[in-house]
Amino acid sequence: MGCGTSSVKDTRSEQVLKAALVIQNWYRGYSTRLKARQRYALTIFQSIEYADEQGQLQLSNFFSFMLENYAHIHEKDPEIVARLFGSTIQDYKDRQDYVAFVDVPNSYNGPRLQFPLTFTDIDLLVDAFKQQQILHARYVLEVLFETKKVLKQMPNFTHVKTSPSKEITICGDLHGKLDDLLLIFYKNGLPSGSNSYIFNGDFVDRGRNSIEILMILFVSFLVYPNDLHLNRGNHEDFMMNLRYGFTKEILCKYKIHGKQILQILEDVYTWLPIGTIIDNEILVIHGGISESTDLNLLHHVERHKMKSVLMPPTPLDGDPDTNLKKKKFNATVLPREVKTSTSLSEQLTKHEWEQVIDILWSDPRGKRGCYPNTSRGGGCYFGPDITSKVLNRYQLKMLIRSHECKPEGYEICHDGKVITIFSASNYYEEGSNRGAYIKLSFGMAPRFFQYQVTRTTCLRPLYQRVNAIESSAIRILRERIIAQKTDLIHAFQLQDRSKSGKLSMSQWAFSMENILGLNLPWRSLSSRLVTTDTNGDIDYMSSFQDIHIQKPVKEAQSTLIETLYRYRSDLQIIFNVIDSDHSGLISVEEFRSMWKLFNSHYNIHIDDFQIDELAERMDLNKDGSIDFNEFLKAFHVVHKLDKLNKSGSGLL
């Protein structure tokens with residue numbers, strides 16, 4: 001009887017175990033599929049981000065082309081030439097001329113800084129920014145001038161020492177995400193003489209609180225200049241700020257003194273160190289290296305001459321070496337009639353400029369060798385052999401860099417010799433990635449600390465978080481698709497020889513990649529983008545279903561609307577550069593001239609009469625001026641789902 005009972009128990013235990021294994025296997029498969037979907041979503045975000053950066057770098061070629069073909073621009077507004085091709089800000093008023101006339105009214109209830117700054121001011125700022133207070137423009141300007149004064153005394157590479165009892169914390173990109181910085185300080189402590197930090201560039205852009213982050217970092221740097229170290233990133237650049245939001249943030253928060261703040265910031269950027277070396281063993285730079293990286297040269301380059309990484313050196317026509325330089329480096333040559341306010345001695349050489357570009361823009365890859373960074377359009381991809389070669393050349397053991405969003409906040413590659421650290425959590429979308437920082441001390445292995453700023457995501461199950469991330473990624477991808485509708489339809493029709501309106505999966509995927517150039521897994525994404533029949537063929541016009549571009553001018557042709565939508569960010573930057581007084585207005589004549597140059601340089605086939613007609617319609621009050629920012633804002637994609645949601649919410 002006892003034996004029978006034992007047998008039954010064994011059978012039941014075996015069944016329970018089998019059931020547990022089935023559930024475990026199902027959950028593992030389910031989790032794997034969710035992670036794959038999340039990975040595809042992050043790939044979409046990253047591909048589009050890099051494509052935008054590539055477009056941003058191409059703008060530098062346009063500005064050179066503009067000066068070559070628009071010689072009278074110097075006569076009309078010499079500030080444009082000086083701003084684009086000058087080295088650093090020249091002949092600005094001194095500190096008193098900026099600060100003395102900016103009064104802090106008694107009604108101001110934000111933080112009041114006391115100079116010279118102390119630890120109390122760091123505490124004061126952090127508490128004020130937690131309460132979403134705005135620091136008065138006078139204090140912002142004073143902090144910027146003080147920061148510039150100290151930065152000018154610093155070398156290109158800061159050399160720091162650690163010990164088993166003194167660690168240093170390294171943070172990557174923050175991109176205006178104040179909550180991440182506050183969380184780091186909550187977990188790891190505020191900067192102090194016994195709590196050193198390195199912030200490895202890209203403090204600004206994308207997020208909503210870039211100026212708050214800058215103020216906390218700069219004030220901390222002024223209080224502890226030997227214990228808080230700042231490296232320049234590729235976004236510490238006024239041209240990048242025009243596209244990615246920081247310029248707009250400043251002008252919105254500081255409507256009266258925003259222009260002055262931006263002018264001083266342009267200068268402060270140029271004095272930021274370009275790297276840090278820890279214990280003569282670890283190189284910390286924002287981007288990466290190339291096979292030609294020369295740290296000896298970079299130690300001595302005059303970094304303040306790098307006004308913008310997007311503006312290459314521009315030798316004047318007539319220089320004896322001009323033709324040689326142009327042939328070797330594809331350098332831009334300014335026409336003789338366009339004279340800049342700076343001489344060649346006030347610019348970096350082409351070789352120096354390329355060296356700085358490489359350390360700010362490059363990315364590591366698993367493939368050996370060094371080859372162009374085709375995704376971003378600047379810097380290079382460097383393999384494990386290049387890492388070993390450069391580190392060995394300078395008796396270094398490790399490279400720590402940032403510049404790339406990683407799902408877990410950090411990534412180790414090249415046999416442990418390269419670490420990527422990224423500190424902005426939820427970078428693309430809430431729940432998309434963790435942030436992280438590193439703690440290092442002499443003779444010890446790096447320690448990684450991960451975190452994620454959470455509000456609602458922690459209450460939602462994983463599948464809901466993945467759904468939200470995936471939906472957001474598909475949404476921006478579909479906006480990219482609709483912006484190329486005409487070109488895509490043409491590519492589809494070339495493949496569709498039978499004019500059936502359908503293509504095979506491979507034909508559709510080939511056309512999508514050929515036109516969009518995003519290097520995405522189109523086959524895997526097809527179920528979210530198009531309709532497929534029972535034979536596996538794709539109705540290619542379904543690529544554009546439930547989405548269209550809202551026309552601000554109803555009579556405008558579709559090709560023109562798509563072109564303006566596709567290049568709206570580039571056009572906005574160009575017009576903002578022309579609009580040197582930040583009024584938001586340019587003349588109709590300037591609009592026509594600049595568009596025709598843009599049309600020619602980018603090889604866009606839009607008739608002049610369409611642009612002339614558009615310019616007339618944009619001049620709403622017929623005063624000869626165009627509010628281009630408002631006009632470009634009017635171009636937006638309408639999703640059918642948005643309309644359904646709006647109509648649905650109206651029923652509640």
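Author: Contact here means heavy atoms within 4.5 Å. The model is a predicted one. In helix α5, F119, D121, I122, L125, V126 and F129 meet E212, M215, I216, V219, S220 and V223 of helix α8 by that rule.

Reader: What kinds of residue make up the contact of α5 with α8?

Author: The contact has nine nonpolar residues, one polar and two charged.

Reader: Why are α5 and α8 called roughly antiparallel?

Author: The axes of α5 (residues 119-130) and α8 (residues 210-223) cross at roughly 170° and come within 9 Å. Angles over 145 degrees count as roughly antiparallel, and therefore α5 and α8 are given that name.

Reader: What makes α16 roughly perpendicular to helix α19?

Author: The two helices pack at an angle of about 95°, their axes 11 Å apart. The class runs from 65 to 115 degrees, so α16 is roughly perpendicular to α19. On the α16 side the contact is made by E470, S471, I474, L477, R478 and I481, and on the α19 side (residues 522-529) by W522, L525, R528 and L529. Sorted by class, these are six nonpolar, one polar and three charged residues.

Reader: How do you know that the span of α16 agrees with its number of residues?

Author: Helix α16 covers residues 462-482, which is 21 residues, and at 1.5 Å a residue it should span 30 Å. The expected span uses one less than the number of residues. The end C-alpha atoms of α16 are 30 Å apart, so the two values agree.

Reader: Which residues of α16 are buried?

Author: They are V466, I469, E470, S472, A473, I474, L477, R478, E479, I481 and I482. Over the 652 residues of the protein chain, 53% count as buried.

Reader: R480 is also in α16. Why is R480 called partly exposed?

Author: Buried means under 20% relative accessible area and exposed means over 50%. R480 has 26%, so R480 is partly exposed.

Reader: What makes the pair D52 and R480 a salt bridge?

Author: The rule asks for a side-chain nitrogen of Lys or Arg within 4 Å of a carboxyl oxygen of Asp or Glu. For D52 and R480 the N to O distance is 2.8 Å, and the pair is a salt bridge. D52 lies in helix α1 (residues 2-69) and R480 in α16, 428 residues apart, and the pair links distant parts of the chain. D52 has 25% relative accessibility, so D52 counts as partly exposed.

Reader: How many salt bridges does this rule give?

Author: The count comes to 28.

Reader: How far apart in helix α6 are E146 and K149?

Author: They are three residues apart, about one turn of the helix, and α6 covers residues 137-151. An α-helix has 3.6 residues a turn, so residues three or four places apart point the same way. The side chains of E146 and K149 meet in a salt bridge at 3.5 Å, N to O.

Reader: Is E146 buried or exposed?

Author: The relative accessible area of E146 is 18%, so E146 is buried. K149 has 49%, so K149 is partly exposed.

Reader: Are R401 and E404 buried or exposed?

Author: Both R401 and E404 are buried. Their side chains meet in a salt bridge at 2.7 Å, N to O.

Reader: Which residues do salt bridges that share partners join into one network?

Author: The network joins E49, E53, R206, D363, R365, R376, R401, E404, K406 and E411.

How values were computed. Residues are numbered from 1 along each chain as its sequence is written. This is a predicted model: local features need pLDDT of at least 70, side-chain atom pairs count only at pLDDT 80 or more; totals for chains, interfaces and linings use all residues. Side-chain values use heavy atoms; hydrogens and water are left out. Helices (H or I, at least four residues) and strands (E, at least two) are DSSP runs, numbered from the N terminus. Buried means under 20% relative accessible area, exposed over 50%, partly exposed in between (1.4 Å probe, protein chains only). Axes are lines fitted to C-alpha atoms, for helices over the stretch in contact, and angles run from 0 to 180 degrees between N-to-C directions. Angles under 35 degrees count as roughly parallel, over 145 as roughly antiparallel, 65 to 115 as roughly perpendicular and the rest as oblique. Ala, Val, Leu, Ile, Met, Phe, Trp, Tyr, Cys and Pro count as nonpolar, Asp, Glu, Lys and Arg as charged, and the others, Gly among them, as polar.
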